[in-house]
Amino acid sequence: MTNFGYTIWIPLLPFLMFLLLGLAGNKLKAKLSGLLGTAGLAVITILSYFTAYKYFFGGENAEEGFQKIQAFNTVWLNLTDKLHIDLGILLDPISVMMLVVITTVSLMVHIYSLGYMKGEKGFERFFAFLSLFSFSMLGLVVATNIFQMYIFWELVGVSSFLLIGFYYTKPSAVRASKKAFIVTRFADLGFLIGILILSFNTKTFDFITLTDPSGPAFSQSTSAAFMGLSVMTWSMIFIFMGGVGKSAMFPFHVWLPDAMEGPTPVSALIHAATMVVAGVYLVARMFPIFSLTAPVALHVVAYVGAFSSLFAAIIACTQTDIKRVLAYSTMSQIGYMMLALGVSGYGGHEGLGYMASMFHLFTHAMFKALLFLGAGAIIHAVHSNDMTDMGGLRKYLPITHMTFLIACLTIAGIPPLSGFFSKDEILAAALHSNKLLFAVEYLVAGLTAFYMFRLYFSIFWGKDTHYHHTPHEAPFTMTIPLMILAVGSIVTGFIPFNELVTSDGKPFESELELMVAIPSVLVALFGIGFAYLLYFKTNGLPDKVAGFFKYGYKWAYNKFYIDEVYIFVTKQVIFRYISTPIAWFDRHVVDATMNLIASTTQNVSFRIRDFQSGQIQKYAFVFITGAVMLAILFIYFLN
Amino acid sequence: MDILSLFVVIPVLTITAILFLKDMKQVRVVSAIGMGVQLVLAAVLIYMYLTARHSGNTDEMLFVKDYIWYKSLNIHYAIGVDGISVAMIGLTSIVVIAGIFASWEVEYLRREFFISLILLATGVFGFFISIDLFTMFLFYELAVIPMYLLIGIWGTGPKEYSAMKLTLMLMGGSALLLLGLLGIYFNSAPGGGQLTFNILEISKITIPIAAQRIFFPLTFVGFGVLGALFPFHTWSPDGHASAPTAVSMLHAGVLMKLGGYGAFRVAIFLMPEAAKELSWIFIILTATSVVYGAFGAIVQKDLKYINAYSSVSHCGLVLFAILMMNKTAMNGAVLQMISHGLMTALFFALIGMIYGRTHTRLISEMGGLMKVIPFLSVCYVIAGLASLGLPGLSGFVAEMTIFVGAFQHPEPFYRGVTILAVSSIVITAVYILRVVAILLLGPTTNDHFTHLPDAKWYEKISVVTLIGAVAAIGLAPLWLSNMIGISLQPIVTKILAITPF
């Protein structure tokens, strides 16, 4: 059981690689640093797969379900007598699953980037940042305690910042990176406050203690209430706020579409497959507390997820930048995962939603990374992000075309591809708990199929665009990851998640619910059919449909003006109505008071300095006057 | 000669050596050697201190020495260190050596410049080793006065005005402080007997609460002026803006810490009852500092002003944490002093180096420097990330210790104010990233700046030393935090005695 000590190298190796490439990168040859980074990642991918095999099929866990194994733990900082921040490795079904997801996608992205980023300035810097990100993300998922998670949470935030702003001379990239960091930082403030409240009441950061149903978190659940909700509910809502920011759920989603300014492989790795699901992972990690002591907070999770998935799907139908469509699609799919967690119960078949959420996280990582890398290959070929500049590309990019089609079918939920299975579980879980959310998700399933195939038809079919340079297929370093991920998208649906990754570690029976599956496939086919009508051949229909929705279309096209709200809050409220007055007040009131004291002193001394003029006549005058007055005083008044 | 007195003697010897030098070029070399020895000595001290603690020495202060030098008032040259002062000495020696290298190219009155700089350092070192209130005050004044000359002579902009303002405000603080210290002195033997200035002896008795109510605010505000306590912080933006690079570094990096350290060592340690009673007033003031400073920094245009307001915010957090009066928060306060000292020195060093190349500090006139001077720019980004509390750098360790500690306060009011202070991490991110984006990223806007030279060797030494320290604390904070934590035990015991919770 305890021989998982080697897992410490899984996060450590990328960190060492980051130091090497970061400090000595400019002395190495660009190509060598890329290969070094990729090789390091290949090693830890093998280690992760080995760990997963050993953990899930090692045979020791079969009886009483999968246990949480603390493979490594060390105190990093002592805070109070009971609270201390540890760094360590916690292995349980979800963290092991995440290790596989992260290393797989990261390795694919590394290989892909060898081709995609070739000849870019700062090639070694790119790989250094990728290593930093891999380290942070792996450290996040294996965290043994919530503070370690927060530490790496911040580190993935900064890696994301650095990678979004990779093209730092481009003002739009700089703006996007700044926005991503500040929006998520604001959400992290909630996370931190949540941690403070939670640890104040439970006196521990440790996940094993926290999520143990007989542990301190659960004895607190009935204690002090604040504004009608228990402190545990409040702390869980605050902690979830961090997840909302990182996972780009409404209303903190604004940074994600802009984050597409980063290089495309980064979008695939960070902003589709791994970092943005950290919020889902956070809720899953804290799930027993959510489910058993803070059901209100769990409802918040469900509704935020459902709303975000619908909201994003609507916007995705109107955007023309292919990476932005995919970004909104990511947001929508993560909404699915959140919803699944939100409707789930704890233990046994009740935990269907939990399992479905993790399942979808897994399959989504594969097909969404594939979509982004495919989009990268397309952008690489036509030098544009805009789907209106594209059309008829199937002839030029056969491999990209096939893999992209597979990914589109997967996300639309067509059997027997993986997306079908995971989405079906989510819908089934929603059906058993909340009919309204279930209906919303059906609608979203249709919209998803529609906007994905709108994208697909516009890029690969539609009008025959005339290109300046004939587009050509990407090199092997780029197409091989595409093919591997396509295979992943197809087969991962057959992984028996209900036996491996469950809310309480014990397997449960789960079967395909045809009553849910058949209508959902029909809805998806309807969406695809509608997209076919509109976009397979160039015609006037899309404009007519847009005209039919009129204001609705305009609002969706402008992303419901949420960005404008943010700009108003930052530019107007913070800069103009808070900071500027404070700065003014500081100079013209506080400082002026100090200057006033100084000038008053100076004035007074200027006025009274005549007492010390040094003129003997004046002294004599004062002396004699004084003497006379004293004499008068004594003679006339004091007798 | 005991090791602690060496910290005062070596700077004095260095100054003497500089006085007799003929070749001006050697001045900086001699300064660097002297302060380099001081740095080694600090490392030795830390090692000796840790060894002594390991071998089971549980005295409150180690390496204690006591010589009487003014008998009728019972004033001693009494020295001794605990984990906190050792840590502060370490900080000071790092910042001083970085400051020396950052002012490698001072041309004007070079000899006098380095003498003043080292004199200032002498005062700071003396302050940290003293355990006699009067001697401590003496060193405190010794550190403040060279500041006037350094800003007034080698500064830029309205330097006479700034120097005068800074000195007068600090002197005002000193006046309050002197009253406070004398008040403590005259109440140091409430049962009759010899009055004393010795901190250790005073800490064993309880100063009458009526006296505490008068002298605690005086002492706390007196030190608070130097620690940029709102509303007595306005010397800081002007003073920093006018000061030459090394002086800004030393001032923000070390001298402002005298305020926090003194407030802790004297005001809180000797008068905990009044501190407890009056803490809510100062908690409000310091929490205001934290948020107000951060908001103030957002709209500044001058790099040094941004950093000055940021210092107000960060130093406010130090005093804020001290007033929470529990072990964790106070540990965080000391960590924050060290962390802020290092990173603000780093900031000012970098600002000085950038100014030396572009001859402007207005961010609107610069842009895209990352492409031109990548080394300095990357260092600036690292400093910024440390300042906004990125894990792995020192700021995170200090801030989190403070926040967790402050949030353990049993009264909801204090926890509420803590949440207010916590929110500053977002505002900090806003102003740091704003500067980084405008100053370093984007296209190079000004054609004059396309061929600036990157860092010279001495600049690299200065910057790398500081970054190394920031990263070392950020990555492995445990030993430092434990070293401080053990030394906080006496005061924690004392506080627990008055308020059992």
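Colleague: Which residues are exposed on the other side of helix 22 of chain A?

Modeller: A residue is called buried if 20 or more other C-beta atoms, placed from the backbone, lie within 10 Å of its own, exposed if 12 or fewer do, and partly exposed in between. Helices (H or I, at least four residues) and strands (E, at least two) are DSSP runs, numbered from the N terminus. In helix 22 of chain A, the exposed residues on that other side are A:Leu514, A:Met515 and A:Leu522. Please note that this is a predicted model, in which local features need pLDDT of at least 70, side-chain atom pairs count only at pLDDT 80 or more, and totals for chains, interfaces and linings use all residues. Residues are numbered from 1 along each chain as its sequence is written, while chains are lettered from A and ligands numbered from 1 in the order in which they are written.

Colleague: Which residues of helix 22 of chain A are buried?

Modeller: They are A:Val516, A:Ser520, A:Val523, A:Ala524, A:Gly527, A:Ile528, A:Ala531, A:Leu534 and A:Tyr535. Seen down the axis of helix 22 of chain A, these buried residues fall within an arc of 135° (the arc of the directions from the helix axis to the C-beta atoms), so they line one face of the helix.

Colleague: What covers the buried residues of helix 22 of chain A?

Modeller: Contact is the idea needed here: two residues are in contact if their C-beta atoms, placed from the backbone, lie within 7 Å. The cover includes helix 17 (398-412), helix 18 (418-433), helix 19 (435-460) and helix 23 (541-549) of chain A.

Colleague: How is the span of a helix judged?

Modeller: The expected span is 1.5 Å times one less than the number of residues. Helix 22 (residues 514-535) of chain A has 22 residues and reaches 31 Å from its first C-alpha to its last, close to the expected 32 Å. In chain B, helix 2 (residues 25-54) has 30 residues; its reach of 44 Å is close to the 44 Å expected. Just after helix 2 of chain B, B:Gly56 has a positive phi of about 95°.

Colleague: What covers the buried residues of helix 2 of chain B?

Modeller: Among the buried residues of this helix are B:Val27, B:Met35 and B:Leu45. Their cover includes helix 1 (3-19), strand 1, strand 2, helix 3 (83-102) and helix 4 (110-129) of chain B.

Colleague: How do strand 1 and strand 2 of chain B run, and how many bridges join them?

Modeller: Two strands pair if DSSP finds at least two bridges between them. Here strand 1 (residues 62-70) and strand 2 (residues 75-81) of chain B run antiparallel and are joined by six bridges. B:Lys65 has B:Ile79 as its bridge partner, and B:Tyr70 stands opposite B:Ile75. The two strands form a hairpin with four residues between them, and B:Asn74 in the turn has a positive phi of about 60°. Of the seven residues of strand 2 of chain B, six are buried.

Colleague: Which residues touch the most other members of the largest nonpolar core?

Modeller: In soluble globular proteins, nonpolar side chains tend to be buried together. A nonpolar core is a set of buried Ala, Val, Leu, Ile, Met, Phe, Trp, Tyr and Cys residues joined through C-beta atoms within 7 Å. The largest one here has 419 residues, and those touching the most other members are A:Met358, A:Ala369, B:Ala321, B:Leu346, B:Ala349, B:Leu350 and B:Leu466. Helix 16 (residues 352-382) of chain A contributes the largest share, 21 residues. Not counting residues up to four places away in sequence, B:Ala349 touches residues including B:Ala98, B:Thr245 and B:Leu466.

Colleague: How many residues of chain A are in contact with chain B?

Modeller: 38 residues of chain A are in contact with 42 residues of chain B. Helix 6 (171-202) of chain A gives the most to the side of chain A that touches chain B, with 13 residues.

Colleague: Is A:Asp386 buried or partly exposed, and which residues does A:Asp386 touch?

Modeller: A:Asp386 lies in the loop between helix 16 and helix 17 of chain A. With 15 other C-beta atoms within 10 Å, A:Asp386 is partly exposed. Not counting residues up to four places away in sequence, A:Asp386 touches A:Thr320 and A:Asp321. A:Asp386 and A:Thr320 are 66 residues apart in sequence and 5.7 Å apart in space, C-alpha to C-alpha.
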